[in-house]
Amino acid sequence: MQRRFRLTRSEDFKRVRRSGKSYAHPLVVLIALKNEESEKRVRVGVAAGRTIGTAVTRNRAKRLLREAMRPLIPNVASGSDLILIARPALVAASLEEIRQALLDLLKRARILHPAHES
RNA sequence: CAGGUCGGUCGGGCGAUCGCGGUCCUGCGUUGUUGGGAUCGAGGAAAGUCCGCACUCCAUAGAGCGCGACGUCGGAUAGCACCCGGGGCGGGGAACCCUCCGUGAGGAGCUAACCUGCCGGAUGAGGGCCACAGAAACAGACCGCCUCCCUCACCCUAACCCUCUCCCUUCGGGAGAGGGGACUCCCUUCCCCCAUUGGGGGAAGGGCUGGGGAUGAGGGAGGUGAGGGUGAAAAGGUGGUGUAAAAGACCACCGGCAUCUGUAGUAAUACGGAUGGCCAGGUAACCCCCGUCGGGAGCAAGACCAAGCAGGGACGAAGCCAUCUGCGGAUGGCGGGAGGCUGCUCGCCUUCAUACGUGCCCUCUCAUGCGAUGAGAGAGCCAGUCCCGGGUAGGUCGCAUCGAGCGGUGCGGCGACGCGCCGCCCAGAGAGAUGAUCGCACAAUGGCGCCUGGUUUCGAUAUGAGCGGAAAAACACCGCUCUACCCAACCUACAGCGUCACGGACAGAAUGCGGCUUAUAGACCGGCCUGGGGU
RNA sequence: GCGGAUGUGGUUCAAGGGUAGAACAGCGCUCUGCCAAGACGCUGGUACAGGUUCGAGUCCUGUCGUCCGCU
């Protein structure tokens with residue numbers, strides 16, 4: 001996932017976490033917010049708390065989330081900011097399971113592109 | 001070969017596809033959080049942050065005190081506390097042998113290589129503490145032992161007294177037996193009673209005479225540190241001499257200490273010699289003393305830019321001299337204010353001011369009926385520093401190739417390490433880059449099969465082992481005993497091969513480096529020690 | 001990343017190097033017609049591992065956990 005599709009500012013994180021809607025899954029939690037500014041790009045932030053484990057497992061969880069999210073970005077409605085929060089079960093899951101969980105969450109949030117909605 | 005132990009190296013490989021970040025080059029009607037190409041891209045611990053540095057700011061990093069760290073010797077290093085090599089004291093340490101315990105299975109001890117803890121000072125500064133127990137926790141006292149004195153009690157009989165018998169004899173003496181028993185005697189003074197020139201009793205003072213005891217109790221003076229159930233620890237140990245009782249008081253041996261000294265070693269130290277007197281408990285990871293070292297904070301240090309906000313409080317000033325001068329001033333020195341040197345003092349450093357006035361604000365008084373205004377007086381403000389509060393969480397640098405750098409190699413050193421030569425440039429993010437999927441091979445783990453291996457029994461046996469013939473030893477020879485290879489039965493393990501499944505240990509740089517500590521599946525190589533076998 | 005503080009029963013806290021204690025909680029028993037309160041008794045602990053010491057909760061070292069501050 002290239003850096004231009006990433007959510008980096010601390011201010012953005014605060015705004016999404018405060019005002020966005022959250023959707024839960026056993027593997028991952030999705031927080032989504034429509035960006036009111038002129039930004040047309042989809043931006044994704046990834047987080048893994050200390051309950052996940054040590055630095056190695058936290059980094060691996062974030063890499064898995066980014067790799068699973070990467071092909072889905074063109075299908076997400078433009079101008080939305082997303083935050084993905086890893087849960088402990090995610091470390092043992094495979095890439096396909098994570099991708100399926102993300103698809104499920106994006107459908108529930110109704111921000112998937114209309115072409116893939118069907 | 002087996003077991004033990006130590007050190008070093010590696011700690012995942014190769015290929016394909018899809019992706020991520022940095023640097024360099026390059027493209028663009030779009031100048032970008034952009035496209036393309038090349039190249040590079042986690043560790044031995046990146047971890048813990050326990051030490052030491054570099055670097056940055058505080059002043060250029062001072063002195064003394066305080067505080068902290070360290071403390072055997074020598075070395076290495078830019079530096080370091082646990083790095084390297086030694087020394088001393090202690091602890092651990094497999095099998096065989098040996099010793100002990102056990103009927104036995106077995107257990108314990110001893111022990112090689114090796115591992116590991118500690119290391120200035122408690123005689124030689126001083127203070128504190130040593131619970132409980134114990135007489136006592138560091139030496140004084142107590143119990144006890146011994147000597148002397150006093151008092152009391154008790155016992156003995158030869159002073160003395162009484163009774164009886166006998167004798168000599170004459171108003172006394174002697175002998176024997178029994179009983180009492182050291183109670184006394186004289187003088188002076190005072191008091192009381194009977195009573196009247198006296199007698200009796202008591203108290204105090206003085207004098208003369210007066211035996212013994214191995215007894216007991218109490219008190220006093222001294223000697224003693226032998227003994228006193230305890231305790232973690234009790235005043236050198238054992239044996240003797242000695243004494244009133246005792247003691248290194250003295251002697252022999254042993255142990256320890258101090259001083260001097262010999263040999264080996266750079267030294268710590270080791271092995272000795274001579275002399276001395278037995279005094280000297282433990283604790284300094286309690287305070288402390290001695291020596292060495294250390295200024296403080298830390299890359300969120302710090303520098304610059306952008307953006308942004310709100311102020312408040314404390315302290316608070318004084319000039320003078322010299323030189324130059326374009327006469328406005330400038331520089332320097334002394335002095336003053338505020339602050340700093342992350343605890344204190346000294347000393348030092350930084351900075352500010354010399355303006356100041358017809359200034360501003362407040363209060364009071366006077367002039368005028370009031371106000372305005374004017375005059376006077378007083379206090380404050382106007383420099384600077386510090387503290388508190390508020391705002392910012394953006395960017396560039398520090399900071400990513402020149403370093404205590406990395407890889408080879410040679411030399412010196414036991415080693416830590418040092419010196420030389422050649423080659424190389426080697427991560428740099430900022431919600432934080434190394435990942436995902438598939439395939440192959442090799443290790444490891446588990447299952448199955450094959451090869452086989454192990455145990456036991458019977459039977460014999462030597463070229464093996466033991467004993468004897470046999471005499472100094474060895475070899476050979478002969479005899480006896482035991483046993484391996486061999487045969488059979490039972491059970492299939494490690495390793496190896498084939499196949500299937502599973503599938504990488506601990507762990508993710510954030511300014512850099514050295515050391516330490518902690519986590520770590522496994523693989524490979526080597527050193528040392530012990531035991532067995534072969535040549 | 002850097003710096004600092006701290007760890008004692010289930011909880012909140014004590015304890016000069018010398019037997020680990022208090023309150024609440026838990027359990028048993030008593031009281032009551034029953035419950036609560038009360039009275040009595042009991043269980044349960046120094047984060048872990050080494051060291052110094054005759055003896056460590058305390059002193060020293062390492063490990064682990066928790067909390068706080070620094071732009």
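Student: Which residue stands opposite Val44 in S4?

Tutor: In this predicted model, Val44 faces Leu82 of S4.

Student: What makes S3 and S4 a pair of strands?

Tutor: Pairing needs at least two bridges between the strands. S3 and S4 are joined by five bridges, so they count as paired. The two strands run parallel.

Student: How do you know that S2 and S4 pair, and which way do they run?

Tutor: The same cut-off of at least two bridges applies. Seven bridges join S2 to S4, so this pair also qualifies. Here the strands are antiparallel. Lys34, for one, has Ser80 in S4 as its bridge partner.

Student: What is the order of the strands in the sheet, and what kind of pairing does it have?

Tutor: The order is S1-S2-S4-S3, in an open sheet of four strands with mixed pairing.

Student: Why are S1 and S3 called edge strands?

Tutor: Strand S1 (21-24) and S3 each have a single partner strand, so one side of each has no neighbour in the sheet. On average, neighbouring strands are turned by 20° against each other, direction ignored.

Student: Why is S3 described as largely enclosed, although it is an edge strand?

Tutor: Standing at the edge refers to partner strands: S3 has a single one.

Student: What makes S4 a covered strand?

Tutor: Seven of its seven residues are buried. In a regular strand, side chains alternate between the two faces of the sheet. In S4, Ser80, Leu82, Leu84 and Ala86 are buried on one side, and Asp81, Ile83 and Ile85 are buried on the other. Both faces of S4 are therefore covered, each residue having 20 or more other C-beta atoms within 10 Å.

Student: Which residues touch the most other members of the largest nonpolar core?

Tutor: The core has 29 residues, and those residues are Val28, Leu65, Leu84, Ala86, Ile98 and Leu102. Strand S2 (28-34), strand S3 (43-47), helix H2 (55-69), strand S4 (80-86) and helix H3 (95-109) each give at least two residues to this core. Ile98 is in contact with Leu27, Leu64, Leu65, Ala68, Leu90 and Ala93, leaving aside neighbours within four places in sequence.

Student: Why is Lys62 called partly exposed?

Tutor: Lys62 has 18 other C-beta atoms within 10 Å. Burial needs 20 or more and exposure 12 or fewer, so a count of 18 falls in between. Lys62 belongs to helix H2 and touches Val46, Ala48 and Ala86, residues up to four places away in sequence not being counted.

Student: Why is Arg110 called exposed?

Tutor: Arg110 has 9 C-beta neighbours inside 10 Å. The limit for exposure is 12 or fewer, so Arg110 meets it. Arg110 sits in the loop between H3 and helix H4 (114-117).

Student: What is the phi of Arg110?

Tutor: Arg110 has a positive phi, about 60°, although it is not a glycine. Most residues other than glycine have a negative phi.

Student: Which residues are closest to RNA strand B, and how many surround it?

Tutor: There are 24 residues around RNA strand B, and the closest are Arg3, Arg4, Phe13, Thr54 and Val56. Helix H1 (10-19), S3 and H2 each give two or more residues to this surface. H2 supplies the largest share, six residues.

Student: How do the residues of that surface divide by type?

Tutor: Eight are nonpolar, seven polar and nine charged.

Notes: Residues numbered from 1 in each chain as written. Chains lettered and ligands numbered in written order. Predicted model: local features only at pLDDT ≥ 70, side-chain atom pairs only at ≥ 80, totals over all residues. Core = buried A, V, L, I, M, F, W, Y, C linked by C-beta atoms within 7 Å. Contact = placed C-beta atoms within 7 Å. Near = placed C-beta within 6 Å. Nonpolar A, V, L, I, M, F, W, Y, C, P; charged D, E, K, R; others polar. Axes fitted to C-alpha atoms, helices over the stretch in contact; angles between N-to-C directions.
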